[in-house]
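Reader: Hi, could you walk me through this one? I'd like to go over it piece by piece.

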Amino acid sequence: MKCLSEIEIIEAIDKNELNNYKEHLKQCKKCAQLVKELKNTIKSTEEILHEQKTNFKLNEFRRNKIKNRVLGSTIYKKPSKSQKGYQAIFSYASYVLLFFFITLTLFQNNRITDMELEIAQYKIEIEKDNSSTAESFDYEIVVDEFVGNFSDEYAYMDDLDDLSEEKTIYILSNLDF
Amino acid sequence: MEDFEIIQEIRKGNLELFDKLVDNNIEAVTYFVLRIVKNNEDAEDIVQDAFVKAYEKLHTFKGDSKFKTWLFSIALNLARQHLRKRKLFKFFAPWTKEAESVTDKHLPEKEIIRKENKKILEEAIDELPDQQRTVFMLRQNDKLKYDEIAQILNININTAKTNYFFAVRNLRRNLTEKGVKK
């Protein structure tokens, strides 16, 4: 009499079809013992797993924590098309503003305020009155050229490039940066 | 309200009902993921991601299987990705062993044997190959049918059955070797 394979027995237990082998198990002690061991194994592990599952109870706090995170994430807050549009505009505007401020900061050190310009003009006027070497310069033209290169509020040092080296040195030496 | 009814309502636009779907499944899926990753925080993150993904992909859910089965497969994939990232692809590590030895000496002998057996059984389950262990847990723990297990693991039904049979066979052999006391 050929013994049953272990897998055959497990399948029979799983399908609850051990009765099909009733006669064989009565006669074969080895197979009967194997059935007993396999049943024990399944029962024991089932008990352990059941115990673990019973002990596992998602408490209200953790349950709510996960729930809130799930429900609070993207699911109910998907932006509409118009919201997406506004978001895009806002995002674009932020970049433009950021670029503007970076540029402003970079050039900040080079700008001359109106007040500084007035002081420079005043200094040049005084120099014109007092200096004997000033005849080689037409001060009004120098100042006009310099002032002409100013923007409404700020003047940039780059604007001095348009003046001749001689005039630039003169103006710079009279500006108190 | 059953899951499939809730899903139909969500599809009609009653999005707030997703709350109920979360309620119905949160415990089972959290326990399932926790068994895999063995860390509460990680499990919570994965469960959250699984629900969000399920919500986003709800239109692809055909309803051929239970929502729970579908959710489990999403959670399993996320848990595996997580473990791959951690490079700790080891399912079902020993269940929390909280200071057992401290109190063991005060327990009756029968209770000590029961605890020892429990420990051996847990270790035996841990030592199973990954797929066998997952199939065994889904079958024994979640009482899922083979076709449901097959869907979750993306394998065919016969592979699921074979994995379960081999898991039981390996467990018996392992327990016999370790000599579980009766």
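Author: Happy to; below we go through the chains, the core, some helix pairs and a few single residues.

Reader: Great. What should I know about the model and the numbering before we begin?

Author: This is a predicted model, in which local features need pLDDT of at least 70, side-chain atom pairs count only at pLDDT 80 or more, and totals for chains, interfaces and linings use all residues. Residues are numbered from 1 along each chain as its sequence is written, chains are lettered from A and ligands numbered from 1 in the order in which they are written, and side-chain values use heavy atoms, with hydrogens and water left out.

Reader: Thanks! How many helices and strands does chain B have?

Author: Chain B has 9 helices and 0 strands. Helices (H or I, at least four residues) and strands (E, at least two) are DSSP runs, numbered from the N terminus.

Reader: And chain A, what is the order of its elements?

Author: From the N terminus, chain A reads α-α-α-α-α-β-α-α-β-α, which comes to 8 helices and 2 strands.

Reader: How much of each chain is buried?

Author: In chain B, 50% of the 182 residues count as buried. For chain A, buried residues make up 29% of its 177 residues. Buried means under 20% relative accessible area, exposed over 50%, and partly exposed in between (1.4 Å probe, protein chains only).

Reader: On to the core. Which residues have the most contacts inside the largest nonpolar core?

Author: Those are B:Phe18, B:Val33, B:Phe51 and B:Phe67, in a core of 79 residues. Helix α2 of chain B (residues 18–37) gives the most to this core, with 12 residues. A nonpolar core is a set of buried Ala, Val, Leu, Ile, Met, Phe, Trp, Tyr and Cys residues joined through side-chain atoms within 4.5 Å.

Reader: What is B:Phe67 in contact with, leaving aside neighbours within four places?

Author: Its partners are B:Asp3, B:Ile7, B:Leu21, B:Asn25, B:Ala54, B:Leu58 and B:Phe61.

Reader: You mentioned α2 of chain B. Is B:Ile26, which is found there, buried or exposed?

Author: B:Ile26 is buried, with a relative accessible area of 0%. Beyond its neighbours within four places in sequence, B:Ile26 is in contact with A:Leu58, A:Arg63, A:Ile66, A:Lys67, B:Val47 and B:Phe51.

Reader: Nice. Now helix pairs: how do α7 and α8 of chain B pack?

Author: Helix α7(B) (residues 130–140) and helix α8(B) (residues 146–153) pack at an angle of about 135°, with their axes 10 Å apart. That makes α7(B) oblique to α8(B). The axes are lines fitted to C-alpha atoms, for helices over the stretch in contact, and angles run from 0 to 180 degrees between N-to-C directions. Angles under 35 degrees count as roughly parallel, over 145 as roughly antiparallel, 65 to 115 as roughly perpendicular and the rest as oblique.

Reader: Which residues meet there?

Author: From α7(B), B:Thr134, B:Val135, B:Leu138 and B:Arg139 meet B:Tyr146, B:Ile149, B:Ile152 and B:Leu153 of α8(B).

Reader: And at what angle does α4(B) pack against α8(B)?

Author: Helix α4(B) (residues 67–86) and α8(B) pack at about 40°, with their axes 8 Å apart. The two are therefore oblique to each other. On the α4(B) side the contact is made by B:Thr69, B:Phe72, B:Ser73, B:Leu76 and B:Arg80, and on the α8(B) side by B:Glu148, B:Gln151, B:Ile152 and B:Leu153.

Reader: Last one: which residues of α1 in chain A are buried, and what covers them?

Author: In α1(A) (residues 6–14), the buried residues are A:Glu6, A:Ile9, A:Ile10, A:Ala12, A:Ile13 and A:Asp14. Their cover includes α3 (29–55) of chain A together with α7, α8 and α9 (157–178) of chain B. Just after α1(A), A:Asn16 takes a positive phi of about 60°.

Conventions: Contact = heavy atoms within 4.5 Å.
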